[in-house]
Amino acid sequence: MRVNVSGFSPDEYGQLTALCRETGVDEIEHNWGCPNIWGDGGQKPITSFSTKMMQMVLERTRELAGYDVRIEAKLSPYSNPMQLAEIASFLSGYDMVTGVVTSNTFPNGLDYNDYDEAGLPVIRFGEGLAGYSGRG
């Protein structure tokens, strides 16, 4: 069984991962690419764009779920090739990360509240954004 977890903090990622291990989950995926999480003060930062945040999540996960824990990291797409190289280099330093899952959406690229005359969603910047994928 595979489970995708997304926490609001490094502690929550660690707790969710520990719970998955306790219940016999075979594969645990950390969803670091989801931009659609909101809390007090607005939108939560997207973990996959910050190596500092990823490091805090990985270290806390290891502390709470065990030093032999293995996870896969689900990431947002990167439009900057230098950032992609930075993230790849960073993740290669953690043996607990056994794979990378790529996202099928580009974060904050689509506002589902706007549609054109043909009924197709229109991309704009502002509130109400969601991941964008497919024809547009």
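Trainee: Is Y94 buried or exposed, and how do I read that?

Mentor: Buried means a relative accessible area under 20%, exposed means over 50%, and partly exposed lies in between, using a 1.4 Å probe and protein chains only. Y94 has a relative accessible area of 14%, so Y94 is buried. F90, with 17%, is buried as well. The model is predicted: local features need pLDDT of at least 70, side-chain atom pairs count only at pLDDT 80 or more, and totals for chains, interfaces and linings use all residues. Residues are numbered from 1 along each chain as its sequence is written, and side-chain values use heavy atoms, leaving out hydrogens and water.

Trainee: How many aromatic pairs are there?

Mentor: A pair of aromatic rings is described by the distance of the centres and the angle of the planes. Rings of Phe, Tyr and Trp (its six-membered ring) pair if their centres lie within 6.5 Å; planes under 30 degrees apart are stacked, over 60 edge-to-face, the rest tilted. The count here is 2. F49 and Y78 are edge-to-face, with centres 5.5 Å apart and 80° between the planes. F49 sits in the loop between β4 and α2, and Y78 in the loop between β5 and α3, 29 residues apart. Helices (H or I, at least four residues) and strands (E, at least two) are DSSP runs, numbered from the N terminus. The other pair, F90 and Y94, is tilted, at 5.2 Å centre to centre and 50° between the planes.

Trainee: Which residues touch the most other members of the largest nonpolar core?

Mentor: In soluble globular proteins, nonpolar side chains tend to be buried together. A nonpolar core is a set of buried Ala, Val, Leu, Ile, Met, Phe, Trp, Tyr and Cys residues joined through side-chain atoms within 4.5 Å. In the largest one, of 22 residues, they are W32, M54, L58, I71, L75, L91 and V97. Helix α2 gives the most to this core, with 4 residues.

Trainee: Which residues does R2 meet in salt bridges?

Mentor: A salt bridge is a side-chain nitrogen of Lys or Arg within 4 Å of a carboxyl oxygen of Asp or Glu. R2 pairs with E27, the closest N and O atoms being 2.3 Å apart. R2 also pairs with E72, at 2.4 Å between the closest N and O atoms. R2 lies in strand β1 and E72 in strand β5, so this pair ties together parts that are 70 residues apart in sequence. R2, E27, E29 and E72 are linked in a network of salt bridges.
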